[in-house]
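Okay, thanks for coming, everyone. Let me put the model up on the screen and then walk you through it.

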Amino acid sequence: MSKQLAFFIDQTVCTGCKGCQIACKDKNNLPVGMNYRKVYEVNGGGWQQVGGFWESNVFAYTLPVSCMHCQEPLCLEVCPTGATFKRDDGVVMVNEDVCIGCRYCEWACPYGARQFNEQTGVINKCNFCADLQAQGEPPACVAACPMRALDFGDLNELQARYGTTAAVYPLPSPSLTQPSIVIKAHPDARRATVETARIVNLEEV
Amino acid sequence: MDARQFPSLLLAAPHRWLRETLLQVLQAWPGGVTTADNHDALLVAAKAGTDIVVLTPFAFGMHGADLLREVHRVAPRVRMVALIPDDDGDYRLAALRGGADAVVYESQADVDLLPTLQTVTRAEASRQLRRRSSRARWVKEERPMDNPNPIAELLTERHVSRRSFIKWSAALGGAAALAGGGLKFGLEPLKSTGAAPAAVAGTGEWITAACWHNCGGHRCLLKAYVVDGVVQRVKTDDTHPDSVDFPQNRACARGRSQRQQVFGPDRLKYPMVRKHWAPGGGDKSLRGRDEWVRISWDEALNILASEIKRVKDTYGNESIMVTGGDITRALTLYGGYTTTWGTTSWGTWFYTGPKTGLGDGLYATSHNDRMDLRNSQLVVMWGANPAWSSQGNPTYFYQAAKAAGAKFIFIDPFYNDSAMILADEWIPIRPATDHALALGIAHTLITEDNPKTNPLIDWDFLNRCTVGFDKDHMPAGADSKENFRDYVLGTQDGQAKTAEWAAEICGVHPDRIRALAREIAQTRRVALLTGWAPARVNNADAWPQMFMTLGCMTGHIGQPGRMTGVSCWEKSANGGPDLVAAGGSGVAGVGDNPIKTVVNNNELWDAVLTGQYTAGYKSVKPINIQMLYHGMGSALNQKVGLVKGIEAHRKVEFVVSQTHFLTTNAKYSDLVLPVTTQWEREGYVKGNREVLMWARQITPPLYEAQDDMWVVREVATRLGLDVAKVDPLPLKQQVFNQIAGAKVAKVDGSGQEPLVTISEADMAAMGVTGKPQQGRISLAQFRDQGIYQVQRRPGDRLGYIAFEAFRKDPEANKLKTDSGKLEIHCKSIAEFVKNSGFDEVRPIPTYNKATEGYEDTFTDWAHKIKGGFPLQLYTIHYRRRTHSVFDNLPWLREAFPQEFIMNPVDAEARGLKTGDIVRITSRHGSVMRPVWVTERMMPGVVTLGEGAWSQIDETTGICQAGATNTLNGAIATGQGHQGWNSCNVQVEKYDGTLEPDATWPQRIVFPGASNHV
Amino acid sequence: MRTEETALVLFTILGQMAVGSFVILGIVHWWAVGRYGTAKADKLADYALLAIGPVMILGMLASLLHLGNPVNAYRAVLHVGTSWLSREILLGSLFAALGALFALLQWFKIGSTILRGVLAVIAAGVGLAFVFAMARVYQLPTMPAWNTWTTTASFFVTTFLLGALAMMAAYVLSYLYLRNKDAEDVAGLRDMLGNVLRSLSVATLALLGIELVIVALGVVGLSRGPLEAIQSANLLATEFLSLFATRLILVLLGAGLFAFLLYRSARDLNRERAAFALVFAAFAFVLVGEAIGRYLFYVTSVKIGL
């Protein structure tokens, strides 16, 4: 593929403020219940008493997630109508006029990117702010981040700059869909596994 | 067909703005137009014999279809044209089901209404024709539609601009939607592959919009994209390329949600009075659960003025309690008013800080600027979470220090979100015990220090720059026994404040206390930074002094990378005077308040209920408060003792609120007055140390909202006051004065220069007066960019190191303390506390156990036997809100669910898991919330975000929203600060459901409906 | 029960029952023609055949309920190149069309027996392919609980189990209808019915055995799978245990006990009413049991990732 747009996430500076989420909602006019970008929080570790004092090895980090615009998008493969398509720049999009709202892609997407629109009965999703990008502007979430934890660009260039990490807990193996993502992992993400950590804010995402 | 034959119109809509706009459209209607603004008038007029009713069926506070049926019942022959909100097919269906003959979308009404009326008229005419024909077949009449139609002529002319139509439609749409029953958001997602929104198509204008809240953040840039009066999108700073030295001022989730605030369907729309209100109060017990009756501004202002007059005449000016707002300008001229005293956010920093020599943290800072922070090798964040409490750039500035190599230690009960990315070490500590930890550190330093072999104490600094550390450095006239060193060593009281002593109280292992002491003392460049939170504790009067003493002992003051003080709120991570600042507004004061009575925040509600208040040392005076005037703010929700507050609100004779929403203040008022937001006003000037922003008007006032000052002026007029004195300058002139007076630091650091160049032509164009001046940028540039930012780079001459000159030469650069030095022995703070009348403290920073602190969770401290309230609650600045502002926005409610935070150890002991509904009870009240169980909180401690809008379940008395002041009792201690972070609670599983806040109906009030929402 | 699952449960269960009925009917009919002659065999079979159409149509309609935007439903077949969902819908529609065509020709006896036979075989083949596609739809890499051979196997068992029981019920109904109408040949029809019921009872018992093995292997497979599969197994063992047990009991009673009793009483159909009651009860129990099983299939799935 000549070009593949991708997001970069710097977990080491993300405070989980959800500025990106709200910027996205504002840009796309999203009602409560629909979020193209969400922020997950992972906690782990615990407490024990040492000599009558509480000692802790707690860890915590956040993970802002949107559509990964995968190189092998499972959503595209399973979409029965062809409403899902991949543009030349690698952006995965949905043509809402063609979508029948079967929600099959929701099962297929391992990133929860697919958002069912109760009003129209079809699927919506992150379109990488293609309209803004066409005007030379960054995606709303990237421009919003007060910690500069988000960036975007061509996947190869991002990988050259930031490395090739494409998954930390709780993301699935990149082999599943080849997500177009580069992650600078939080130091604690190395400690996190299904046994030692868990997503703690499911009611928020 | 002549006008007589033309059908008559009745225009029925509760919204004045809508009626007036539509009347313009219909002004030439040949059949005549009458109007109705409420339900009863509509029915009467319809019955009286109109031909066509044009109405907004969903805006009358009942289901639109029912209203249409009602109209049909009283006037079966009348034709009905329903104006409905835009974005939902359900309204169309409901209107047609209700019997509407035609439906017109509100936003299209300027274009579609007349053609629709034409159609309906034709139908009406042919119907009449048929009726007549059936009676008298021989009558031949021309069909009206064949006649030249005057409506066609009306159609050729637009009487109303599209702009105003779309605006009220966008603004009212959601509100009308809600009257129809059920919560509809009114947002429709844009198509990802559809046409570009206008914001991209470039058909509107980006205008700098005010983000005016008391958020503690860094004052960020917000721009609104306005198309035809509607805000389609907001964005943040993109006025220059972003770099860490010269960063964009990026806004937080709250600021970016402001579209939902200003245009929220729950905005108060018109003045309303409580149904069972009567002069003197009426049935006062109904406050908070009564119905609302819509009244005109004239009625509202007459009620307000006459009540002020009545209360003054009956009880005297002292009986009028003002919790905030510009009404004080009028009341000062009307004999005065009572108000409150005592700090809020600062805790004890406001008074103890400056009296002992440090800054309070807002008006004066004691920490260095953000560039110098990068020189620190160790940053101690003591009770500070800028990621929540100072959103915007501060956490980014701290991150820059970390990137430059600083180690971060967080001392906090919660492994907070700032710690998540910055902390190299987290020291969990019990709330209200910071002072004990600091004493443990001090004891370690004193006992382990050896100037030659193990220098831990900066004796040079102590000797030259402080008083009161030991008996050899006492201020003149002080008792030499009253020195800090002997207190720490226990020379007089026999109790050495060892690490072990401290550990028992604060919960930090003694070894860790000693290690922390050594690390702070042995690291060359340390930033000892704290937020105000540890000082928002009962009896914490000595804490700021203690914190300062640590800085003095270790000498981390007044040099590059070395600083000690408050780093929070707007000044977080960036100390020093403003490099660019607005000028004054030019509004002259109205003189002193003739009434000198002030009631401490902690005693406000008690004063109402018991009729007395503490007036000073051993002085209790009577008071008879009969009027509560909430001219701004959120006193009932945001001051301690909310449960008593509600009782007080149901006791006085009159309560009034100027407000945007049905806030807690407004809910318990007799009279509510809708006021404009900053987006509806002339302009707003605000900034931070490096930035000044000029926000402009985004939209004309919505609904019937008026500026706060307009209300004050109208009241003043009715009271016969000199209005020119009350409100001497138009807002536009005030804004101009601030801009014209704006000063910016010269690049070489040698002083200041005017920021803006202003010409006579500029002033003429703006409609203001002033003198032309030469500045750094043009007025047009400032206006268009909406921001000016000082360009910073490392090593520039704009940096700031607090106490630099003082440290070099304390004699030549005396501080504003009694001794001119940093006062480890401070007589004035001890006197100030004594004269406040609640209790006393010593001049040195001793540990004073907090009322409802850790110790009070025990019934038997010696044997560590817990009592009925075994957990410590402290209350945090929560990301959904800035204090109580923004609590009502659906986007933020979804993102931040107001969860009750608890450790797994405590949760498991109570059989609780994340998502369970719990009841939290203190000695003062009870709230319920979903619990969030996380290892990030230390055992024994729980927290809940402050500022949720009180929502009392009248049957159980439990607050469902989790308003923390329900739990925080009003306990007056020391200098009369509010001790939110000392509170004991018990937590139990609540057997009941509680829907997520995001699904709660918004507080949309329609006259005639109960306000118990 | 959430509505989205209701629609899918209805669609898959009814679709599979229609295919199973068609195939079972074909086999039974082929056997009956050989033994009793075309005319007699047709008598019972033709009515049964007619019952399949509405079942399939109901199933297809149920699938529409699940769509957010049913107006566009025709577009669902546009992506057959990669989407098993497209293939499922295409094959389902094709099966419905071929089945309807066959029923029409069969009812009015249009065309030769061979032509109809070939058409029936093609329709049956398409139907089985439809069930296969249906199973493949769920074999998503993101859904470990579904992404296993047991999905295909259990879908086919359900197909034949419900097909057999539905056809038993249909034959009984046809018989009851014809008994009054066509009195002179009651004994012959009764003999045929008895044999059909006995054979299908045996088939049902055999299918039950296979189903139990698949369920057992399925649960074992889940518990040895990735984390998400284990979570699915845990859901079955905890939150949905009572429903899971109900499902097993219903199927055991219907396809086990009732089928066994039926096998014994169908020999001479002396006690007709009791035998017929067993047929309907077995059908109803298994139908409900399988529907619950399918519901559990949906609600206990746990997706990989977020």
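So, to start: which residues touch the most other members of the largest nonpolar core? This is a predicted model, by the way, so keep that in mind as we go. The answer is Val380(B), together with Met167(C), Met168(C), Val279(C) and Ala282(C), in a core of 466 residues. And if you ask what gives the most to this core, that's helix H5 of chain C, residues 149-181, with 16 residues.

Let's zoom in on Val279(C). Skip its neighbours within four places in sequence, and Val279(C) is in contact with Met168(C), Ala169(C), Val172(C), Leu197(C) and Leu262(C).

Okay, over to where chains A and C meet. Here 29 residues of chain A are in contact with 24 residues of chain C. On the chain A side, helix H2 (74-78) and helix H3 (104-108) each supply at least two residues. As for the make-up of that side of chain A, you've got 22 nonpolar residues, 5 polar and 2 charged.

Last stop, chain B. We're looking at 36 helices and 41 strands there. The C-alpha trace spans about 125 × 65 × 60 Å along its principal axes. Now, a compact globule of 1013 residues would have a radius of gyration near 31 Å, and chain B comes in at 32 Å, so the two agree. Buried residues account for 59% of chain B. And take the chain B contacts between residues at least 6 apart in sequence: 72% of those join residues at least 24 apart.

Note on methods: Residues are numbered from 1 along each chain as its sequence is written. Chains are lettered from A and ligands numbered from 1 in the order in which they are written. This is a predicted model: local features need pLDDT of at least 70, side-chain atom pairs count only at pLDDT 80 or more; totals for chains, interfaces and linings use all residues. Helices (H or I, at least four residues) and strands (E, at least two) are DSSP runs, numbered from the N terminus. The radius of gyration is taken over C-alpha atoms; the globule rule is 2.2 Å times the number of residues to the power 0.38. A residue is buried if 20 or more other C-beta atoms lie within 10 Å of its own, exposed if 12 or fewer, and partly exposed in between; C-beta atoms are placed from the backbone. Two residues are in contact if their C-beta atoms, placed from the backbone, lie within 7 Å. Ala, Val, Leu, Ile, Met, Phe, Trp, Tyr, Cys and Pro count as nonpolar, Asp, Glu, Lys and Arg as charged, and the others, Gly among them, as polar. A nonpolar core is a set of buried Ala, Val, Leu, Ile, Met, Phe, Trp, Tyr and Cys residues joined through C-beta atoms within 7 Å.
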